[in-house]
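The exercises below are meant to be worked through with the model open beside the text. Each one sets a task and then gives a solution that goes step by step.

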Amino acid sequence: MKRIFFLLILSPCYGTLFGVKKMPKKLLDVLSPAHSSHQLISELTSRRLQQEETNVSCSLCGSYDLIGSNIWFDDYNCSTVDQLVQAATTTEECSLLKPAINNCCDTPPQYQCQEQIRSSIIDGLDFTVSPIRSISEPYNITVEFEYQAVEEMNVQLGYSNVLSTIYLTWKDDRLKWDIDDDKCTYFIPVRASYDAELTEIWVPDLDLLNRIDGLSNFRDEQALVGNDGTVYWLRSGTLRAFCQFTGLAKIPYDTIGCQFIFGPGEANRFLNFNYEIDPTKENGISFGNFEPTYNEYVIDATKSYGDKDDVSGYLYFN
């Protein structure tokens with residue numbers, strides 16, 4: 001079994017890549033009320049115990065009934081959460097706890113809540129316009145790459161097929177909403193695609209530049225939008241890239257290297273998109289749990305890492 005590592009280069013001018021863990025768990029972890037900081041919970045608990053007065057009127061359930069016996073996360077039941085919400089002193093603190101509405105309040109069916117949100121923020125949105133406020137301000141897009149498996153490595157023809165998952169996160173202020181009696185959920189699913197006929201929101205046009213088959217060949221998947229305007233988009237598929245292989249001199253006893261280069265399309269090349277490696281990932285890259293029965297090549301995790309050149313702004317995945 002031969003070993004392989006991949007060198008992937010991305011730049012703010014030429015784009016980015018990088019993917020994620022299984023969508024259901026990862027996205028629900030990020031979007032869940034438990035994502036609120038424990039430090040905030042501790043501060044609010046202290047205020048409640050000291051019976052401090054607040055200048056913000058913050059209600060968890062609004063006109064809906066509280067289901068006090070439900071558990072929000074950890075050991076916090078909804079009665080306690082309701083008291084903590086009332087101890088909030090800023091609208092920011094209030095908004096961080098409002099997502100508990102889905103666990104703690106007797107709200108209408110989720111489809112009614114989502115329909116209200118869609119009619120207010122999705123209908124009429126011009127998804128051909130990017131969310132950039134100013135070309136002088138960097139627009140941040142977080143990228144995570146999760147390697148799954150090497151499907152094929154053809155040294156003679158100079159290409160490699162890699163099964164991978166790409167996870168993109170960005171913020172679109174046009175998609176924000178306040179959680180209230182009508183818009184009574186903290187996330188909605190939306191159609192996301194490079195195809196203008198299929199997408200409901202703007203998406204980064206990231207793709208593999210040295211591609212035979214790139215991200216545009218991946219199957220379209222829905223994105224999740226949080227009430228703060230953050231968009232989470234996961235896609236999985238096979239990347240096929242032209243390679244300038246390294247490490248061929250000692251074959252079959254050396255490790256082969258292949259370079260993948262990612263970037264945006266020509267139209268967005270000069271906009272100030274700032275692609276960043278997901279800072280939560282050790283070495284800037286992650287590895288999935290997919291284990292083929294037999295594969296001639298396996299990735300060398302000890303030589304695979306991501307980094308950013310502070311001078312050029314390039315992101316390196318070795």
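This is a predicted model: local features need pLDDT of at least 70, side-chain atom pairs count only at pLDDT 80 or more; totals for chains, interfaces and linings use all residues.

**Exercise 1. Work out with which strands β4 pairs, and in which sense, parallel or antiparallel.**

Solution. Begin with β5, which pairs with β4 in the antiparallel sense over 12 bridges; within this pairing, Val150 has Val162 of β5 as its bridge partner. The hairpin of β4 and β5 has four residues between the strands, and Gly158 takes a positive phi near 75° there. Go on to β12, which runs parallel to β4 and is joined to β4 by five bridges. Finally, strand β13 (residues 286-287) pairs with β4 in the parallel sense over two bridges, and Ser286 in β13 is the bridge partner of Glu146.

**Exercise 2. Classify the aromatic pair of Tyr139 and Phe273, and explain why the pair ties together parts that are apart in sequence.**

Solution. The count of aromatic pairs comes to seven. For Tyr139 and Phe273, the ring centres are 6.1 Å apart and the planes stand at 80°, so the pair is edge-to-face, because planes over 60 degrees apart count as edge-to-face. Tyr139 lies in strand β4 (residues 139-154) and Phe273 in strand β12 (residues 273-277), so the pair ties together parts that are 134 residues apart in sequence. The two residues are also bridge partners, Phe273 being the partner of Tyr139 in β12. As for burial, Tyr139 has a relative accessible area of 9% and is therefore buried, and Phe273, with a relative accessible area of 1%, is buried as well.

**Exercise 3. Describe the aromatic pair of Trp170 and Trp233, and find which cluster of ring pairs includes both residues.**

Solution. Trp170 and Trp233 form an edge-to-face pair, with 6.4 Å from centre to centre and 80° between the planes. The pair links distant parts of the chain, since Trp170 is in strand β5 (residues 159-171) and Trp233 in strand β10 (residues 230-242), 63 residues apart. Both residues are buried. Beyond its neighbours within four places in sequence, Trp170 is in contact with a list of residues that includes Tyr139, Ile141, Trp202, Pro204 and Trp233. Ring pairs then link Tyr139, Trp170, Tyr194, Trp202, Trp233 and Phe273 into a cluster.

**Exercise 4. Decide whether Asn274 is buried or exposed, and find which side chain makes a polar contact with the side chain of Asn274.**

Solution. First place the residue: Asn274 is found in strand β12. The relative accessible area of Asn274 is 12%, so Asn274 is buried, given that buried means under 20%. The polar contact is with the side chain of Asn140, at 2.7 Å.

How values were computed:
Residues are numbered from 1 along each chain as its sequence is written. Side-chain values use heavy atoms; hydrogens and water are left out. Rings of Phe, Tyr and Trp (its six-membered ring) pair if their centres lie within 6.5 Å; planes under 30 degrees apart count as stacked, over 60 as edge-to-face and the rest as tilted. Buried means under 20% relative accessible area, exposed over 50%, partly exposed in between (1.4 Å probe, protein chains only). Contact means heavy atoms within 4.5 Å. A polar contact is a pair of N or O atoms within 3.5 Å; within protein, one must be able to donate a hydrogen and the other to accept it, and residues adjacent in sequence count only if both atoms are side-chain atoms. Two strands pair if DSSP finds at least two bridges between them.
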